[in-house]
Amino acid sequence: MTGDSELPWDLAEQYLGSGPRWKDIAALNPSIPQLAAGDQFLPKGTVIRLPADANIAKSAAPAPPAPAQAAPVMAPPAQQPAQTASTDAKPAAAEETHVVKTDENLWGIAGQHGDPEDWPKIFEANKGKPLPAGSTFDNPDLIVPGQELTLPATATPAPAPDTRPAPDTKTPPKPDTAKDTPAPAKPTTPAPAASTPNTAPTTAAPAPALDGQKADSTQQAQDDEALAPAAVWMGAGALAAALLGTLATRRILQQRRRRPGRRIPMPTGSAAATEQGLRSAQHPTGFDLLDAALRTLALNLAAAERELPVVTAVVLHEQKVELHLDQDTAPMKPFSGTAGRTDLWTCPASSPDLADRDALQGADAPYPALVSLGWDGAGRLVLVDLEHVGVLHLDGDADHARHVLQAIAVELATTPLPGHLEITALADTAAGLDEAAPERVARTDTLSEAVAELTSHTADQRRALAALGAPTLRAARLREDAGGSWTPHILLAAELPEGDQTNALFDLISDQPRVADAVVTASEYADLDPEAGWTLHCAGPDETIVLPGSDLPIKLQGLTDPHFADAIELLTLSAADTDVPARDEWLDGLRDTDEHPDGQEDQEQEEAAAEREVLTDETGEDAAPQPEAGADEDGMPDEYADIEREELETEDQADADETDEEPGHPAVLPAEAPDDQTEHGTTGPTLADLFDPPAVPTPAPIPATAGPEPAPAPALLLTKQGSASTETRPEADNPLPAPAPVPVPAAAPVPVPAPTRAADDADGPEGSAPTVLLLGRVVIEGAAGRIDSNRQSAAVELVSYLALNPGADHHAIDDALWPGRLVNKQMRNAVISRTRSWLGKDTEGEAYFPRVQDTGDSRYRLAQAVACDWKMFQNFARTGLARHDEDGELALRRALALVRGQPFAAIDPQRYAWAEPAVQEMVSAIADVAYELSTRRREAGDCAGALWAAHQGLLAAEENEMLHRQVFLAYHAAGDVESLRGAAARLARINEGLGGGVDMEAETAQLLSTLLPKPVIRR
């Protein structure tokens, strides 16, 4: 360590790409107590060992060695004169200053003087210095015009001398970091080895490049380094939006296919960190506005019998869309000319000329091959139309060109814009993308096969143009009878051989009339005719290029190899057809009980009882919000509460004595359900049966018509009927017996109890502890203090995070709430202090958010009195799934009564990047509990109760066809055919709006065909 202001977190971010990995560094250096603490500055002169995967390339090139008898001299900190540095270093570089101008920021200033990622070093070099207004500089996000900044050496370009001996000027190869240990120095002068990272700014000049070559050490470091995930995705708004949109749709489909008691696969490790980075980096990119504006334009141009204009670039502003055209063209609504220009059209989000949703259904996407290339100087996303470009050739630095190609490939495979694309990847281009997105991407091994496929595609579209009598593709796209004839076909080719085949490919794309074909290549082949396409020079991620046609200056976005691999893993996992076992601690007892030896039962019952006490304390049900008017003490609607009361009135008094609990409290979780429980014709299942049902269900009939006491049907997966050794699903692969083909007698519609209330921001009962509500819109009820509305979002997120992650340290909080950002202590402490004041104190004066000094382990957590609806749900669900008696059903009802909507509904898309795994777990658990309770109530002849349970589950996952099938079965059991038809129509509408439209599952369609009455043909 050459400075005295380095933190373990900083080292981990710089050399390992992830701040939380400071623990890995600490594990390798147990003799350094400051590392073990995690939040203390490391002593100057300390030698640190780094993990084998540490990236040393980012440190500056070392200064030329002094004579052999002299010990190596470490570079001095930027804040001190470089008195002991090598004579070849440039001390003056550390004295360079920069005067802040209006609208500047540290990122931009660092970019002007070297690498924009060096902005933290500029901040550290100037922290605490006086500002022109009189205060001190302690916030990197707040710089003021006129402020004078001292630039560290690594933030300024240093001239490379050209007279040094060749052996000393070559950039040393990247060391084998697995062998990075302090070199054995002379006994009197300890010194780090040459490969030991130097975290302080250095004045050593980079090695000069050889003639005709560009020094690439900085670029290589950027390419190799695994950056903090959120920082990598900053600016890649389209890419982030495309990936996240695809993941969301695919996970919905996975939840539909998932078996009860199982879970959908979720990423771990690097891929999980990358997804969190995506979520923190995404921002409103304007794709909905772009889609509406372009399709409105297409409708109006078709009505005016005009063709689509040639678009050279699209710029997405926060509240408007900007089209750059190849020539002056009379504007068409909803677009208008800008500043007297007719080659630049704009459409604001507030335009009254945008067509309504129904009208837009009649227009196809007019520019389906739009893809983002990067962003302009103001951070606005810039897209181009690959159909217009034809051949997009990426030359320059081979690594960066490949990264740009990979970003384009992933976005094309997941684009949020409507319209179908056909993509062919040549050889090993964008490896794995065809398996991650098979609906759009195919792979071919040879160029001849790719050319043949494109030739066929081109010939078909040119024949269609001739048959239609359309002069251009832009005119043909607006014809009503165009249909799907103009699907773009895009070839991705990292390499193209120089020769006749490549020339034939380029001629095929550029020949007139142009059709919906394009090629994106990073090949070194450079003989591209300007008429055939564009050539973009990829010099590096921070270099600005000028787009042909529009002359817009942009920075190209790229996807490095590690992050491309993460994107492929995310897409592949989300497309998996298989589910995985549930791995939640709160379900462990339900899965493992059958495997326990009989001799352990007593001991395990005692442990379970102790665990229940802990769970009850942690959930804090005593502080749960009181039910509103129109609901019982469990939060259930009056209609359903009446059913419960009728059942309880007939309950045996001895059973009532055994179930001695106060209203509003969860049922006590039993260690094991008694063998003699036979409520509702069922017995308690073995716990292995609950979560590991047989792979192949057996067929079983259900009654075709409803009656007051229907025969018990086989339980559905989680439910076990009698002592049978297998469970079945009535709506499984084997069809149900069809109802008799006679008219169904008229039946009164089954009343569906109203959903539970939707919580608002009102405080809970006076004097109660705060309650964290996550099973719907995120709300903190019962906070007694006050907080500014513009600061409440961060406080709500912090409380939500701690409710699910008690015992987090400040590094985890920083990573969750501000991923990818440098968070100073003052900023974090301000949020924590405001949150503590907002939550308030109990009647004993104890804070509901204790100070970290009072927690015993210096970790952050909420007081035990603070309740959370998810924790309460888990407690109730655990009890209900383990018991098949009325107490078990009561617990399941209480769990479902907590559900108000989709978990974490309506959150800010740039917040809660950490919450996706929790959301998916909540959705799965809610659906499982709803499925189980609906099945039990239907088997007991309680159709209204079955419907209520299914509808509560649909509040959290309205696309879940497993629950829709429960609704169908309940209506069928009640003989309510009209309601059954209405429920089927509702599911059809939901499927139409899901990912551009999906088919009803075969299992659901078969069930409906069986349940709905067949028409009677009279002769």
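A salt bridge is taken here as a side-chain nitrogen of Lys or Arg within 4 Å of a carboxyl oxygen of Asp or Glu. By this criterion the structure, which is a predicted model, holds 38 salt bridges.

The side chains of Glu889 and Arg937 form a salt bridge with an N to O distance of 2.6 Å. Glu889 belongs to helix 29 (residues 886-897) and Arg937 to helix 30 (residues 916-939), so this pair ties together parts that are 48 residues apart in sequence. Both partners fall under the 20% cut-off for burial: Glu889 is buried at 2% relative accessibility, and Arg937 is buried with a relative accessible area of 2%.

A salt bridge also links the side chains of Asp118 and Lys121, at 4.0 Å from N to O. Asp118 has a relative accessible area of 7% and is therefore buried. The side chains of Glu124 and Lys127 meet in a salt bridge at 3.4 Å, N to O. Here Glu124 is partly exposed, with a relative accessible area of 28%, and Lys127 is likewise classed as partly exposed, at 42% relative accessibility. Beyond these pairs, a network of salt bridges links Arg256, Glu961, Arg965, Glu1001 and Glu1003.

Strand 13 (residues 489-493) is mostly covered, with five of its five residues buried. In a regular strand the side chains alternate between the two faces of the sheet. In strand 13 both faces are covered, as His489, Leu491 and Ala493 on one side are buried, and so are Ile490 and Leu492 on the other. Strand 13 pairs with strand 11 (residues 422-426) in the parallel sense over four bridges, and Glu422 stands opposite His489 in this pairing. Strand 13 is also joined to strand 14 (residues 517-521), with which it runs parallel, by five bridges. In strand 14 the bridge partner of His489 is Asp517.

An open sheet of three strands shows mixed pairing and the order 20-19-21. Strand 20 (779-781) and strand 21 (867-868) stand at its edges; each has a single partner strand, so one side of each is left without a neighbour in the sheet. Strand 19 (residues 771-773) and strand 20 run antiparallel and are joined by three bridges. Within this pairing, Thr771 has Glu781 of strand 20 as its bridge partner.

The axes of helix 25 (residues 792-804) and helix 27 (residues 825-839) come within 9 Å and cross at roughly 80°. Because this angle lies in the range from 65 to 115 degrees, helix 25 is roughly perpendicular to helix 27. Helix 25 contributes Gln792, Ala794, Ala795, Val796, Leu798 and Val799 to the contact, while helix 27 contributes Val831, Ile832, Thr835, Trp838 and Leu839. The residues of this contact comprise nine nonpolar, two polar and no charged.

Conventions. Residues are numbered from 1 along each chain as its sequence is written. This is a predicted model: local features need pLDDT of at least 70, side-chain atom pairs count only at pLDDT 80 or more; totals for chains, interfaces and linings use all residues. Side-chain values use heavy atoms; hydrogens and water are left out. Axes are lines fitted to C-alpha atoms, for helices over the stretch in contact, and angles run from 0 to 180 degrees between N-to-C directions. Helices (H or I, at least four residues) and strands (E, at least two) are DSSP runs, numbered from the N terminus. Angles under 35 degrees count as roughly parallel, over 145 as roughly antiparallel, 65 to 115 as roughly perpendicular and the rest as oblique. Contact means heavy atoms within 4.5 Å. Ala, Val, Leu, Ile, Met, Phe, Trp, Tyr, Cys and Pro count as nonpolar, Asp, Glu, Lys and Arg as charged, and the others, Gly among them, as polar. Two strands pair if DSSP finds at least two bridges between them. Buried means under 20% relative accessible area, exposed over 50%, partly exposed in between (1.4 Å probe, protein chains only).
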